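Please read each point with the structure open beside it.

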Amino acid sequence: MPKPQKRRTRTLRPDEKRPLEKCAKTENLDGASAKTEDSPEKVSASNFGKNPSSHWLMKSEPESRLEKGVDVKFGIEDLKEQPNQTTCWDGVRNYQARNFLRAMKLEEEAFFYHSNCKEPGIAGLMKIVKEAYPDHTQFEKNNPHYDPSSKKENPKWSMVDVQFVRMMKRFIPLAELKTYYQAHKTTGGPLKNMALFTSQRLSVQPLTQEEFDFILELEKKQPT
């Protein structure tokens, strides 16, 4: 599959290496049609409370898909291949997801979730290594995520830098998470309000400590 394209400009990190471009957040859950982040759909911040969690779930597409002539594929293996296993998380075009990016702090952990693919689910862990700053792709006319309404003096869209931490001990598929979610809605278990199911379209989602810890425990168990 084609590699993500190199971006033309960006502020370099101390190692002075230029990571490849990170594109694309699209969801296709439980048979729902694929929907990109420039959708007008919005979710109230009140759904998650005033203080977002310090743990996150972030979606990206591991399989090739052309958007305006650009392959937006970027899976966890692509992240591992970046210089210092680090890249920016660009292309988010949903206001609620953007606000979650802006709420992220250094060293907070996020699950890397494979979306819009044959088997969606949680593939690994990464951490935030640079807090929110303007997403350069909003100003690039040839980029699928170009936004002509955004101005450099007042950018609409933000991104963070993420770094690979580790693969999950086993891949946690969406179907397995859904089984627990449905059970926990009745029993009051940890995943009873998980945003992956209550706000499926968001490509950046907060996790409670309880949700995060439960999923980490799942990787130690045999699939249900």
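1. Which residue in β9 stands opposite K127? That residue is Q163. The two strands concerned, β8 (residues 121-134) and β9 (residues 158-173), run antiparallel and are joined by 10 bridges. Strands count as paired if DSSP finds at least two bridges between them, and helices (H or I, at least four residues) and strands (E, at least two) are DSSP runs, numbered from the N terminus.

2. A word on the basis of this note: the model is predicted, so that local features need pLDDT of at least 70 and side-chain atom pairs count only at pLDDT 80 or more, whereas totals for chains, interfaces and linings use all residues. Residues are numbered from 1 along each chain as its sequence is written, and side-chain values use heavy atoms, with hydrogens and water left out.

3. The open sheet is built of 6 strands with mixed pairing, in the order β6-β9-β8-β7-β3-β10. Because β6 (86-89) and β10 (204-207) stand at the edges with a single partner strand each, one side of each has no neighbour in the sheet. From one strand to the next the twist averages 40°, where axes are lines fitted to C-alpha atoms, for helices over the stretch in contact, and angles run from 0 to 180 degrees between N-to-C directions.

4. Helix α2 (residues 95-103) packs on this sheet, where it touches β3 (55-60), β6, β8, β9 and β10, and its direction makes about 95° with that of β9; contact means heavy atoms within 4.5 Å. In helix α5 (residues 209-218), the buried residues are E211, F212, F214, I215, L216 and L218, and what covers them includes β3, β7 (109-114), β8, β9, α3 (174-187) and β10. Buried means under 20% relative accessible area, exposed over 50%, and partly exposed in between (1.4 Å probe, protein chains only).

5. E107, in the loop between α2 and β7, has a positive phi of about 75° although it is not a glycine. N116, in the loop between β7 and β8, likewise has a positive phi, near 55°, and counts as buried at 15% relative accessibility.

6. The structure holds 9 salt bridges, each a side-chain nitrogen of Lys or Arg within 4 Å of a carboxyl oxygen of Asp or Glu. One of them joins D78 to K73, with the closest N and O atoms 2.8 Å apart; D78 is buried at 5%, and K73 is buried at 11%. Shared partners also join E61, R65 and E67 into one network.
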